[in-house]
Amino acid sequence: MAGTVLPTTMDVSTKAVETAINPPKDLDAGALFVLKSEGSWLHCGYHLTTSIVAPVLLSLPFAMGLLGWVCGVMWLALAALVTFYSYNLLSLVLEHHAKLGHRYLRFRDMATHILGPGWGRFFVGPLQFGICYGAVIVCSLLGGQSLKFIYLLYKPNGSMQLYQFIVMFGVLMLFLAQMPSFHSLRHINLLSLILCLAYSACAAAGSIQIGSTGKAPPKDYSLSDDGANSLFGAFNGISIMATIYASGIIPEIQATVAPPVTGKMFKGLCICYAVIIITYFSVGISGYWAFGNGAHGSILSNFMARDKPLLPSWFLLMINVFTLTQLAAVTLVYLQPTNEVLEGFFADPKRDQFSIGNTVPRLIFRSLTVVIGTTIATMLPFFGDFMALFGAFGYIPLDFILPMIFYNVSFKPSKKSLVFWINTTIAVVSSALAVVGAVSSVRQMVLDAKTYRLFANM
């Protein structure tokens, strides 16, 4: 039976023959200007890779330390399979509706049409906005930490504080944030793809070098004897992996593709997941092998021992320059949903995008967006703990649950079919993981609360 076959790009309804369907004529300025549909499948691959493969992958050895060898590698592979399947489903749903004459450019538009107006306006829209802007804040924080690492590498007793480096990164983003559209980031995101391969190779090589020469502390791969700590640690590890594979902006990325869209997103996903397999597995496995349970939140921290580098300073400088540069690209990608919402309010779609009436407000509001995000990052350098909670409540619903629901509602597979039960199982299990992950995140925040101080020099 056709209903028992797993979905591919060939499963999309063929009741209507696809033509070069253009977006509706009455698009608001946000969709018209920010989400221009002019890209190729290659550009799609660059955007996807930048939205998923970011320097947070350097925390994979830490996540594996919470799970152990068997469970760590298993969840690393399982998360890759589930997210690839999920993102492909979301793409198929978008292609299906495009063939029927309704091309949706935003996640909230999909939810509104498929599930009802309340879902787009009150759930998906605010959720996506929150996690994307939260990602911008976290990237600003990580950018500041990377700059501080470089500073301390050459001036170990330097007196500059973390918030000063975050402000420096924010100044850089003030200029880059003026890039007019998502499509205009294609060359930056190609550079981002190359950079993530570069710093992942350096991180893996550094881990292997330290681990094989005995510079690392004795390796310990055992899990905690405390049942509660071991259980919460395992769920924390799973949540970290789910967040590292998350995107939250798949429809907006597909919106940048020029029509006809059939099959282009799948090709882009193949590029993205080729990079994911190379980077995630090399960094996660080599880092955990070298440092065991001693792996820090970022494996780069393990390359320093008592403030002394275990690798040549030039090598550590190179890794941090690579990560810092890619963080700027990732920040730009996650600014796009905010830019789209703001331009939908203040810009006039009937005027040219670069007219004075549209350019001046764009300059003001985008600058304000960066300033606010940078200010929050300087005040709350522990914001990453909050993002773990946002990830459980935000990324998991958007990337693991809603694509399954959208597919089942749009294509209505038989309840006896394999695809229906695969989708339902993924949605149910992901819902449970979101709840447990949120509880684990809150618990970790309570444990870390004693270190929380405004403008802390972490």
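Modeller: Two rings of Phe, Tyr or Trp, taking the six-membered ring of Trp, count as a pair if their centres lie within 6.5 Å. Keep in mind that this is a predicted model. By that cut-off, ring pairs join Trp69, Tyr221 and Tyr288 into a cluster. The search of the whole structure finds 15 aromatic pairs.

Take Phe84 and Tyr273 from those pairs. Their ring centres are 5.2 Å apart. Their planes meet at 85°, so the geometry is edge-to-face. For that label the planes must be over 60 degrees apart. This pair links distant parts of the chain. Phe84 belongs to helix 3 (residues 60-99), Tyr273 to helix 10 (residues 264-291), and 189 residues separate them. How exposed is Phe84, and how exposed is Tyr273? Phe84 has a relative accessible area of 22%, so it is partly exposed. Tyr273 is at 6%, so it counts as buried. The boundary for buried is under 20%.

Now look at Phe291 and Phe303. Here the ring centres lie 6.4 Å apart. The planes are at 45°, so this pair is tilted. Phe291 is in helix 10, while Phe303 is in the loop between helix 10 and strand 1 (304-305). The pair therefore ties together parts that are 12 residues apart in sequence. Both Phe291 and Phe303 are buried.

One charge also meets a ring. Lys219 sits over the face of Trp289, 5.0 Å from the ring centre.

Phe303 leads on to the core. The largest nonpolar core has 117 residues. Phe303 is one of the five that touch the most other members; Leu57, Tyr280, Tyr334 and Phe406 are the others. Helix 3 gives the most to this core, with 16 residues. In soluble globular proteins, nonpolar side chains tend to be buried together. What does Leu57 contact, beyond its neighbours within four places in sequence? Tyr199, Ser200, Ile244, Thr279, Tyr280 and Val283.

An α-helix has 3.6 residues a turn, so residues three or four places apart point the same way. Helix 6 has 15 residues and reaches 22 Å from its first C-alpha to its last, close to the 21 Å expected.

The buried list for helix 12 includes Asn358, Arg362, Arg366, Ser367 and Thr369. It also includes Pro361, Val370, Gly373 and Ala377. The end C-alpha atoms of helix 12 are 34 Å apart, which agrees with the 34 Å that its 24 residues should span.

Phe354 is in the loop between helix 11 and helix 12. Leaving out neighbours within four places in sequence, Phe354 contacts Pro180, Thr359 and Arg362. Arg362 is also one of the buried residues of helix 12. Phe354 and Phe33 are 321 residues apart in sequence, with C-alpha atoms 9.8 Å apart in space.

Two backbone details are worth a check while you have the model open. The peptide bond from Pro259 to Pro260 is cis, with omega near -5°. Pro260 is in the loop between helix 9 (250-255) and helix 10. Lys412 is not a glycine, yet has a positive phi of about 50°. Most residues other than glycine have a negative phi, and most peptide bonds are trans. Lys412 is in the loop between helix 13 (383-411) and helix 14 (418-448). At 64% relative accessibility, Lys412 counts as exposed.

Definitions and conventions
Residues numbered from 1 in each chain as written. Predicted model: local features only at pLDDT ≥ 70, side-chain atom pairs only at ≥ 80, totals over all residues. Heavy atoms only, no water. Phe/Tyr/Trp six-rings, centres within 6.5 Å; stacked < 30°, edge-to-face > 60°. Helix = DSSP H or I, 4+ residues; strand = E, 2+ residues; numbered from the N terminus. Buried < 20%, exposed > 50% of the residue type's maximum accessible area, 1.4 Å probe, protein only. Lys NZ or Arg CZ within 6 Å of the ring centre and 35° of its normal. Core = buried A, V, L, I, M, F, W, Y, C linked by side-chain atoms within 4.5 Å. Contact = heavy atoms within 4.5 Å. Expected span 1.5 Å × (residues − 1).
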